[in-house]
Amino acid sequence: MHVSVVLPAKNESEGLGRTLPLLRQVLPGAEIIVVDDGSTDDTAAVAAGLGAKVLSSPYSMGNGAAIKRGARAARGEVIVFMDADGQHDPNEIPRLLERLEAGYDMVVGARNASGQASVGRGAANALYNRLATWMTGHKVQDLTSGFRAVRANKFREFLHLLPNGFSYPTTSTMAFFRSAYPVTYVPVDVARRVGTNSHIRPLRDGIRFLLIIFKIATLYSPLKLFAPAAIGFAALGLGHYAWTFATQGRFTNMSVLLLSAAVIVFLIGLVSEQITGLTYLHGRDASIDPEENPEWR
């Protein structure tokens, strides 16, 4: 397999200085792409000096945008995504590639508890993993890990779904599960990042990560989110009606409101389910090459 390695980087000159030489030793024939996301240091110069292909942005567009630019430019059959801050060990890449050769379409490097950035982040990720496991019916060991190997043609099907900011790992993982592309996990050790300039802001990204929970549901199966909510409203409406009928002998406006909400929420979920299906169908159709697949003309 021809392999491309994509590293999104923003002010990561120090981390690249440690990661790229080792990466070249482990995968001497791989295409290495560093996507410079509007860095203000010498990230681009360091990457170019160490033999990487550099894609530079005039301003910061976000981690997800860097991933998309790198995926479009990659020429390999397989793309390995990893951080440029020295956390991910290039020596782990052959283990990911072995699982791809075994028939999987996405292999994710799963961090252990010591590999989480903080206790809070670890707890949040554990919640995401449990939710994703419930949604997909498959054991999800690390939903937000940015260290992964994917088949390039399948990953590009979902570029239109990926956000420009954080959470591309969540989106891509759920998209693969939704499309029945096999996903597996390989336990990996994660080192402490080089430098102190973390791009995670607890207050700003805390709300953003909370929204990931809802995004997980809507990406995979909206009805699994909306149906329980509709049942909850219906139960409250019927319960309130039973209470008011027993105590006042009448059917109140609140009961009507709760039961109406149950119907509306369920219908929204039903429509969302259809839209989700069409979204994935659009992504797959857009990736088909008519020259290679005449039956799709």
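Among contacts in the protein (heavy atoms within 4.5 Å) between residues at least 6 apart in sequence, 74% join residues at least 24 apart. This is a predicted model, in which local features need pLDDT of at least 70 and side-chain atom pairs count only at pLDDT 80 or more, while totals for chains, interfaces and linings use all residues. Residues are numbered from 1 along each chain as its sequence is written, and side-chain values use heavy atoms, with hydrogens and water left out.

**Overall make-up**

- The protein has 10 helices and seven strands, taken as DSSP runs (helices H or I, at least four residues; strands E, at least two) and numbered from the N terminus.
- Of the 297 residues, 46% are buried, where buried means under 20% relative accessible area, exposed over 50%, and partly exposed in between, with a 1.4 Å probe and protein chains only.
- The accessible surface comes to about 14,600 Å², and 60% of that area belongs to carbon and sulfur atoms, with areas taken from the Shrake-Rupley method with a 1.4 Å probe and, for residues, only the protein chains shown counting as cover.

- Helix α1 (residues 13–26) has 14 residues and reaches 20 Å from its first C-alpha to its last, close to the expected 20 Å, a span calculated as 1.5 Å times one less than the number of residues.
- At T19, α1 bends by about 25°, and the proline P21 follows within four residues; the bend is the angle between axes fitted to the seven residues ending there and the seven starting there.
- The buried residues in α1 are S13, G15, L16, T19, L20 and L23, and their cover includes β1 (3–9), β2 (31–36), α2 (43–49) and α4 (93–101).
- In the loop between β1 and α1, N11 has a positive phi of about 55° although it is not a glycine, and N11 is partly exposed, with a relative accessible area of 22%.

- A180, in the loop between α7 (168–178) and β7 (183–188), has a phi near 60°, a positive value in a residue other than glycine, and A180 is exposed, with a relative accessible area of 65%.

**Nonpolar surface patch**

- I207, L211, F214 and L225 make a nonpolar surface patch of about 390 Å², and its largest share, three residues, comes from helix α8 (residues 202–220).
- L225 is found in helix α9 (residues 223–247) and is partly exposed, with a relative accessible area of 30%.

Key. Patches are made of residues with over 30% relative accessible area and no salt bridge: like charges are joined within 9 Å, nonpolar side chains (Val, Leu, Ile, Met, Phe, Trp, Tyr) within 5 Å. A salt bridge is a side-chain nitrogen of Lys or Arg within 4 Å of a carboxyl oxygen of Asp or Glu.
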